[in-house]
Number of protein chains: 2
Amino acid sequence: MIKPKSINVRDEKLTIEQWGTLIESLHDGNADTAIFNIDERDHREYDAIFLGGGAGGRFGSAYLRAMGGRQLIIDRWPFLGGSCPHNACVPHHVFSDCAAELMLQRTFGGTLWFAPMDGVVTSIKDVVDLFRRGRTGPHAIMNYQSKEQLDLEYILNAPGKIIDSHTVEVAGRRFTAKNLVLGLGARPQALDIPGSDLKGVYSNVNLVETLDYEPSDTVVVIGGSKTAVEYGSFFSATGRRTIFVVRTECLKLIRDAEIRGYVLDRMKEQGAEIWERSQVLRIEENGEGRVKAVIVQTPDGERRIETNFVFTGLGEIPNSEMPAKALGVKIGPKNEIVVNSRLQTSVPNVYAIGDLIGGPMEMFKARKSGMYAARNIMGRESHYEPKDFPDFLHTHYEVSWLGMSEAEARAKYKNVVIIKMPPENPNGINVGLPASDRTMLYAMSKPHMSGYQKLVIDGDSRRVLGAHHVGYGAKDAFQYLNVLVKQGLTVDDLGEMDELFLNPTHFIQLSRLRSGREHLVDL
Amino acid sequence: MIKPKSINVRDEKLTIEQWGTLIESLHDGNADTAIFNIDERDHREYDAIFLGGGAGGRFGSAYLRAMGGRQLIIDRWPFLGGSCPHNACVPHHVFSDCAAELMLQRTFGGTLWFAPMDGVVTSIKDVVDLFRRGRTGPHAIMNYQSKEQLDLEYILNAPGKIIDSHTVEVAGRRFTAKNLVLGLGARPQALDIPGSDLKGVYSNVNLVETLDYEPSDTVVVIGGSKTAVEYGSFFSATGRRTIFVVRTECLKLIRDAEIRGYVLDRMKEQGAEIWERSQVLRIEENGEGRVKAVIVQTPDGERRIETNFVFTGLGEIPNSEMPAKALGVKIGPKNEIVVNSRLQTSVPNVYAIGDLIGGPMEMFKARKSGMYAARNIMGRESHYEPKDFPDFLHTHYEVSWLGMSEAEARAKYKNVVIIKMPPENPNGINVGLPASDRTMLYAMSKPHMSGYQKLVIDGDSRRVLGAHHVGYGAKDAFQYLNVLVKQGLTVDDLGEMDELFLNPTHFIQLSRLRSGREHLVDL
């Protein structure tokens, strides 16, 4: 066996900038050079090898190390953090920020200091390029923080091969551990129709890796859930005709019907075409291996869309094949590795975490499952099941929610009270509230664009059952508000809080206006 | 006595749009027409007359009404809500949004789809005009919500005259009540130097009411606290040379030294000149009653600035003169009406609320003091003292904080642990984190502009002592986070929360990275 190249960074204290340079050099043609950050002076057996240094593996490692254990991360990429900073959460947020910004600039184009935007189609490739150049910074921070601040051991830029439930081979060496933690993530669900392998058919992964031309003025997005809508809203904001082809209904995951309606109305107002109960039958080739057109089956018959750009957002499928083959771990119906609430797989001493164990494929679950696996490995029995978590997505807006929709609440409680903004109004929603940071220009002259929010309350117990928000600046709040709601937050508790006015969630002040009443009513 | 004109809206169900039309018509030359919304069929005595229908009077009325009492608001303006939607919180947020937006557009001008902005000075007057046209919407909602949803009685567009502690005369009629609640607000502290009455010297109040020309390319802002910095940052963002003349130090109210330093550095980077330990000696006239120049005493001697625009942000002074004269209520050293924790003045049955009772002159205090006055009036003894509240201000950024600064914590606790982003780094802060909504473009290519955040923890009890954030999208969260901190939130509690990644406050995930440790250390 030829010994692969490697560099040992253990005794170097690389700055974040030096990490950036190293990561970029490895990306540029040194794919076979492993980065070793191993404490050779520590002769303890590893408590765990984390195969995969994404969100789950890195957080699990950090927690295990913090508890005094010894860990090793092995990752095929030259950086820790996994897909998030490379082709998932971070680029999605870049694109969503661009969508928000472009909607603002288009809405006010030709007024104030805003340049006219009518008919202007802006570049997708420029933003992809900007992200591709800029992502090294976050990558570098992960490596720096993990080594210098979290004291983690890791081997990067080298795929690990599972030998058995205690042994992984990487870059020509074998490492053993008491436990193995699988954090191999997921990949985009592939489209399975004729033409899906043509150049011009993208998922979030290969979009940022390989886009090398400017998409045509019409684009097709396949899917109607988070990823599809988040990327599609950006494409739409660039001024392109954007057609969402959705098998069932778009954004079904937004629970509250009014909130969902508001969100869809705003997408359509920005020009998005949403073809529901439709599916792509095949993708036509231009004779040079590229997409030329998409054929869609709609309720009204077959339609053909000329385009050179198709984006698929069909969900993710766990990368369970390799560990299933190497270890025989039990696999579930969605290709996920089956674990119990201690994150243990069917094979003793083998744990699995993150997207690999199935939904919800969200950052908090990846990280927390890593943390809980670490606790169990270190002898602290801990059970984790994600539930009652808040959620969000981006369109041109930020959309956040927690708890029950109005309909869910009405099905369960007989005295549901709704507090919302804008209020019910004989002339509809075209009024200048809600308003807050980054919606003020809308509130002043395009009021119907300034957002929508709703609080769902059990009128008997006065407890908050659900909260829903479309706008900007409330997503972060939903993390903390969710904890309070799970504690039993009431409309009276909200009325006693100190608002930071103009607060994006008007929940505190609206609750105060009602909370003097013994018998609550809608507002 | 000539009976003033009045219109009775009691039996009309005006839509929000109809309210808007009515308010605008009264603003345009029908200043003496009172709006009556009185329930003449209710023969109960009023539990309270709220003199002033701003934040405190409206929320106090709503709460009292919700408790089953009868109230009457009297306000000189044709709308409820007071100064907030007219010339305070709402315009401030419009201007701050413009500052954030202009900084973004200038930073990326000439790249992506952003028009070049070098040397471009944008209009202040256009934004003032946009606000002036747009503010009627929020005004109209206050009137609509208060009448149709909150069932309040009010008389608007008519100044009330206090006859005695139970009687107010308004629009030719006298109304009596068991109690009188004073909510007359505050006014900007006037500048007291030669030339301060010239045209071109503005506060937040007359800026939006009277600006009728485009300010020169150099402007002077007097003051270094919230209002001065919020408006001044907008002027700076328009491309004008903006000089802050500050008697002591700018933004002393930001408690944490590192956070304050970051904020000031970013203001200066955007071109703001901050002249500390300086004061304006006099303002020169141009021969036509307008400002021509400002003479400033600085530590380095006297300096003269040519400008036609001066903005004063010197704080607010309570409007206590009229009630002091009419009722003899006790006045404090800052012109505030003195109240006890039940909001009672020195005169029986007379309460005072809001800015009229002094600092903190914040929205939450205005509204909550109204609510607590209502409870006391309705026989439910309730004590209110604002303390341990979160706070914020805008520069080009949103800056939010709660609890202790690092220095305050170190003075009180011996084992203070700091968790912050960006991390300490040999090469300084120029790294691409933190990142989140509305900072993503910065994170990708101007990383030092993407924000700064800090969590201050007592390492022994593991409790959060303070939190500090510069960026976007965290202000709302601080409302709810503050409640959790007051409950005794620990770093472990944070580590158990569900983040909505990329969350503007990275506190949850950073805490999780550390919370496995028995002995906490900085991150």
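Student: What does chain A contain in the way of helices and strands?
Tutor: Chain A has 16 helices and 24 strands. The model is a predicted one.

Student: What makes the size of chain A agree with that of a compact globule?
Tutor: A compact globule of 523 residues would have a radius of gyration near 24 Å, and chain A has 25 Å, so the value agrees with the rule. Along the principal axes, the C-alpha atoms of chain A fill a box of roughly 75 × 65 × 45 Å. Of the 523 residues, 59% count as buried. Among contacts in chain A with a separation of 6 or more, 68% come from residues 24 or more positions apart.

Student: Which domains does the assignment give for chain A?
Tutor: Domain 1 is made of 6–85 + 133–187 + 317–377, domain 2 of 190–248 + 255–312, and domain 3 of 397–515. The C-alpha centres of domain 1 and domain 3 of chain A are 40 Å apart.

Student: How do you know what kind of axis relates chain A to chain B?
Tutor: Chain A is superposed on chain B by a rotation of 180° with 0.0 Å of shift along the axis, at an RMSD of 0.0 Å. That is the relation of a two-fold axis. The same surface serves both copies, since 100% of the contact residues of chain A recur in chain B.

Student: What makes up the side of chain A that touches chain B?
Tutor: The contact takes 83 residues from chain A and 83 residues from chain B. On the side of chain A, the largest share, 10 residues, comes from helix 14 (residues 475–487). By class, the residues of that side divide into 49 nonpolar, 20 polar and 14 charged.

Student: Why is B:R438 called buried?
Tutor: A residue is buried if 20 or more other C-beta atoms lie within 10 Å of its own. B:R438 has 28 within 10 Å, and is therefore buried. The residue is placed in the loop between strand 22 and helix 13 of chain B.

Student: Why is A:D151 called partly exposed?
Tutor: A:D151 has 13, so it is partly exposed. A:D151 is in the loop between helix 6 (136–149) and strand 5 (154–156) of chain A. Although not a glycine, A:D151 has a positive phi of about 60°.

Student: What makes B:E496 partly exposed?
Tutor: B:E496 has 15 C-beta neighbours inside 10 Å and therefore counts as partly exposed. B:E496 is found in the loop between helix 15 (491–495) and helix 16 (507–515) of chain B. From B:E496 to B:S515 the separation is 19 residues in sequence and 9.5 Å in space, C-alpha to C-alpha.

Student: How do you know whether B:R76 is buried or partly exposed?
Tutor: With 16 other C-beta atoms within 10 Å, B:R76 is partly exposed. B:R76 has its place in the loop between strand 4 (71–74) and helix 3 (83–87) of chain B.

Student: Which residues is B:R76 in contact with, leaving aside neighbours within four places in sequence?
Tutor: B:R76 is in contact with B:A158 and B:P159. The C-alpha atoms of B:R76 and B:L156, 80 residues apart along the chain, are separated by 5.9 Å.

Key. Residues numbered from 1 in each chain as written. Chains lettered and ligands numbered in written order. Predicted model: local features only at pLDDT ≥ 70, side-chain atom pairs only at ≥ 80, totals over all residues. Domains from an automatic or database assignment. Least-squares fit on C-alpha atoms with pLDDT ≥ 70 in both. Contact = placed C-beta atoms within 7 Å. Helix = DSSP H or I, 4+ residues; strand = E, 2+ residues; numbered from the N terminus. Nonpolar A, V, L, I, M, F, W, Y, C, P; charged D, E, K, R; others polar. Rg over C-alpha atoms; globule rule 2.2 N^0.38 Å. Buried ≥ 20, exposed ≤ 12 C-beta atoms within 10 Å, placed from the backbone.
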